[in-house]
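This report describes the sheets, cores and open spaces of one protein model. Please look over the sequence and the structure before reading on.

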Amino acid sequence: MAQSIRACVVGATGYAGIEAVRLLLGHPAFELTKATDRKIAGTKVSETYPALAGICDLAYSEPDPEDIAKVADVAFLAVPHTASLALTPELLALGVSVVDLSADYRIKDPAVYEAWYGTKHTSPELLEDAVYGLPELNRAGLEKLAERRAAGQAVLVAAPGCYPTATALAALPALEAGFVEGDLVISDAISGVTGAGRTPSARTHFCHADESVEAYGVAHHRHTPEIEQTLSGIAGKQMSVVFTPHLAPLKRGLLATVYLPLAQDAAPDEVYAAYTARYAEEPLVTVLPSGQMPQTSSVAGTARAQVGLGFDTRRRRMAIVSCAIDNLGKGAAAQAVQCANVLFGLPETEGLLGMAPIA
């Protein structure tokens, strides 16, 4: 039997962190050797999440980089922004590869990061080497990173946010094929409450969120520059996005509906064919039959994405593309594990092929 790849989850009490724990515990190649949370160090993971009783006997520990380096080959950082800035440089220096689920290394221009996140970027020298971890878009970059890791270098993956993932998967084939006219994309997206994190707030309190849907962060959500950076890279020109996120009374799940103005010579059948061709070999992305739109319940609890297309040609030529993902799965922890699989030379879908509950 091959030697296990030792993994640590930093921030393992949060929803994305505990989802990473769950996936790693069931993964045939990774061994979860450490789970950290500074506030409750010494508490068993199964005390905080009783579903793991009899499955995980680890206790939470302090997120000390030197201690992590003793027991881990890779660290998954499921931490708020700025926390990764304090940990990642030291982990890399100690030889631990990092898959960062925070926003700290996603945006290539530190000035843009500082403007949107309101804090100074303290390790901008790492931005050039960090690879944006959306495998369907950037597999070649991840494979080059894997070569560097195999040669003995600790490497850094910046795992995408949930809204940027769904928006990018919805727009990618049309932008790559040059079917989109102009430089504006509109993304309306709805997320479950776990996307707001485990720490409760007035907005995520049950009595506020239940039986209600609301837009938030309108015109200034922090995922906006990440989405623009990703779409601009795909299109090969500067793109702008109007991005409106919504909170829905779901535990988990995310649906992004993206509006793409079509060029005059882009026929709907041709656009749909571009999507089916582009994603034909992608094991975790499914394009639904023409006219069928995805739903969050079909992907909840999985690493999968479903994409559906509709076309409005009545007055304006518009492709309306919806992408459904699990905000904690393909939008966070499962995508991080997908990237780690590539980094360590494993099949990309290793440990990730579970289906959504049927009922």
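Strand E8 (residues 214–215) runs antiparallel to strand E9, with 2 bridges between them. Within this pairing, glutamate 214 lies opposite leucine 247 of E9. Two strands count as paired if DSSP finds at least two bridges between them.

The model is predicted: local features need pLDDT of at least 70 and side-chain atom pairs count only at pLDDT 80 or more, while totals for chains, interfaces and linings use all residues. Residues are numbered from 1 along each chain as its sequence is written, and side-chain values use heavy atoms, with hydrogens and water left out.

**The two sheets**

E8 and E9 belong to an open sheet of 7 strands with mixed pairing, ordered E8-E9-E7-E10-E13-E12-E11. E8 and strand E11 (285–287) are at its edges with a single partner strand each, so one side of each has no neighbour in the sheet. On E9, strand E7 (residues 184–191) pairs in the parallel sense over 8 bridges, and aspartate 188 faces threonine 244 of E9. Because 6 of the 8 residues of E9 (residues 240–247) are buried, this strand is largely enclosed by the rest of the structure. Buried means under 20% relative accessible area, exposed over 50%, and partly exposed in between, with a 1.4 Å probe and protein chains only. Elsewhere in the sheet, strand E12 (residues 305–312) and strand E13 (residues 318–325) are antiparallel partners joined by 8 bridges, and glycine 308 is opposite serine 322 of E13.

Another open sheet has 6 strands in the order E2-E1-E3-E4-E6-E5, and its pairing is parallel. Its edge strands, E2 (30–36) and E5 (131–132), each pair on one side only. Between strand E4 (residues 97–100) and strand E6 (residues 156–158), which run parallel, there are 3 bridges. Aspartate 100 stands opposite alanine 158 of E6.

**Helix H4**

Buried residues of H4 include Ser84, Leu85, Leu87, Thr88, Leu91 and Leu92. The buried part of H4 packs against strands E1 (5–10), E3 (74–77), E4 and E6, as well as helices H3 (65–71) and H5 (110–117).

**Cores**

In soluble globular proteins, nonpolar side chains tend to be buried together. A nonpolar core is a set of buried Ala, Val, Leu, Ile, Met, Phe, Trp, Tyr and Cys residues joined through side-chain atoms within 4.5 Å. The largest such core has 46 residues, and those with the most contacts inside it are Leu231, Leu260, Tyr275, Leu309, Val321 and Cys323. Helix H7 gives the most to this core, with 10 residues. Apart from neighbours within four places in sequence, valine 321 is in contact (heavy atoms within 4.5 Å) with Ala170, Ala256, Thr257, Val258, Leu260, Tyr275, Val307, Gly308 and Leu309. A second, separate core has 43 residues, among them Ile18, Val21, Val157 and Leu284.

**Pockets and a cavity**

Spaces were found on a 1 Å grid over the protein atoms alone: a cavity is a set of points where a 1.4 Å probe fits but cannot get out, a pocket is an open set with protein on both sides within 12 Å along at least five of seven lines, and lining residues have an atom within 4 Å of a point. A volume is the space filled by probe spheres set on the points, which are joined across faces, edges and corners.

| Space | Volume | Lining by class |
|---|---|---|
| Largest pocket | about 1,700 Å³ | 21 nonpolar, 21 polar, 7 charged residues |
| Second largest pocket | about 570 Å³ | 13 nonpolar, 4 polar, 6 charged residues |
| Largest cavity | about 40 Å³ | 5 nonpolar, 2 polar, 2 charged residues |

In these classes, Ala, Val, Leu, Ile, Met, Phe, Trp, Tyr, Cys and Pro are nonpolar, Asp, Glu, Lys and Arg are charged, and the others, Gly among them, are polar.

Of the 49 residues that line the largest pocket, Val79, Pro80, His81, Ala196 and Gly197 lie nearest its centre. Helices H1 (15–25), H4 (83–93), H7 (162–176) and H11 (329–343) are the elements that give two or more residues to this lining, and H1 gives the most, with 3 residues.

The second largest pocket has 23 lining residues, with Tyr15, Val193, Thr194, Lys251 and Leu328 nearest its centre. H1 and helix H8 (206–209) each give two or more residues to this lining; the largest share, 4 residues, comes from H1.

The structure holds 1 cavity of 30 Å³ or more. The lining of the largest cavity consists of Arg203, His208, Ala209, Ser212, Val213, Glu214, Leu247, Ala248 and Pro249.
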